[in-house]
Amino acid sequence: MTSAKITAAAAGTWKLGDLTVNRIGFGAMRLTGSAAFNLGTPSDRDQSIAVLRKAVELGVNHIDTAAFYFSTLRSANELINTALAPYPDDLVIATKVGPFRTYSGEWGSAARPDDLRGHVEENLRQLGRDQLDVVYLRRMGQDSIAEHFGALAELQEEGLVRHLALSDVEPRHLAEAQEIAPVVSVQNRFALDSYKAETDDMLRICGEQGIAFVPFFAIAGAGGARSATTAHDDEVLAVAEAHDTSPAQIRLAWTLAQGPHVLAIPGTGNPDHLTENVATGAIRLTEDELTRLNELHSKAG
């Protein structure tokens, strides 16, 4: 497949509240280094900036980031601000709050509800914005998210946040949040080679309610924050060969095929990988291929 001229529009669009985005977006986690956070070596700053600008040129208008996405030398939010401000009118930037990392890069204690204002304001400062388009509450293991989500709803009422979203949650947490304020998106770990009943239920529920479902580590799979998986099932390899694409693209295409409400946020610091990821939106898997890949997913639990 020739990917050079394919843009993010090929995957179609979805709405995050009143904000229309292309279903192929960009995750900023890997902009800062060879692996996420402080797990790898810092990235080349100029290349990271070039990747962001190329993403926008290719039609990406949905970027996922967080203030805690930084390495020893790079901050994802600072790179985004430098590369893209003043921001295009149609660019939607989603951020996450809840987890906290110290300046040394170590994970600190999870946020209390009254800490979330500081988390939101730090994202605003780093991105150079007066309002955040979408803010995810990243659940940090707590049984109830009501107090934390309620604190974000108050910031939304003040105008600091436009739309609210959830990350790493189960269906019961979505229902709990919806008693407080509307939820436009759910971001959970989801991939072809992993299966968790609660996550598949969340995928279905979001589709039924018109809520975006945004998987993370869809390409990385078991590699997670450190690196993308290189362990591809023979079935994935066969489908990739049939489409003249990479196995990573097939993993991402399968993810998008799970429903029109599914948004992709593959991350990379490599411009060639970026072009491939965006081009995935043009891949159309056959019913037979989807059936075979769905069977792989169901057996991955």
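A polar contact is a pair of N or O atoms within 3.5 Å, where, within protein, one atom must be able to donate a hydrogen and the other to accept it, and where residues adjacent in sequence count only if both atoms are side-chain atoms. By that criterion, the side chain of Gln126 makes a polar contact with the side chain of Asn77, at 2.9 Å. The model is predicted, so that local features need pLDDT of at least 70 and side-chain atom pairs count only at pLDDT 80 or more, while totals for chains, interfaces and linings use all residues. Residues are numbered from 1 along each chain as its sequence is written, and side-chain values use heavy atoms, with hydrogens and water left out.

- Gln126 lies in helix H3, helices being DSSP runs of H or I with at least four residues, and strands runs of E with at least two, numbered from the N terminus.
- With a relative accessibility of 15%, Gln126 counts as buried, a class that means under 20% relative accessible area, whereas exposed means over 50% and partly exposed lies in between (1.4 Å probe, protein chains only).
- When neighbours within four places in sequence are left aside, Gln126 is in contact (heavy atoms within 4.5 Å) with Ala67, Ser75, Asn77 and Asn81.

- Across the whole structure, a search finds 15 salt bridges, each defined as a side-chain nitrogen of Lys or Arg within 4 Å of a carboxyl oxygen of Asp or Glu.
- Glu121 forms a salt bridge with Arg117, and the closest N and O atoms of this pair are 3.8 Å apart.
- Because Glu121 and Arg117 are four residues apart in helix H3, which covers residues 116–127, about one helical turn separates them.
- Glu121 is partly exposed, at a relative accessible area of 41%, and Arg117 also counts as partly exposed, at 33% relative accessibility.
- Arg125 forms a salt bridge with Glu122, with 2.6 Å between the closest N and O atoms, and these residues, three apart in helix H3, are likewise separated by about one helical turn.
- Arg125 is exposed, its relative accessible area being 57%, whereas Glu122, at 29% relative accessibility, counts as partly exposed.

**Other salt bridges**

- Arg129 forms a salt bridge with Asp133, the closest N and O atoms lying 3.0 Å apart, and both Arg129 and Asp133 are buried.
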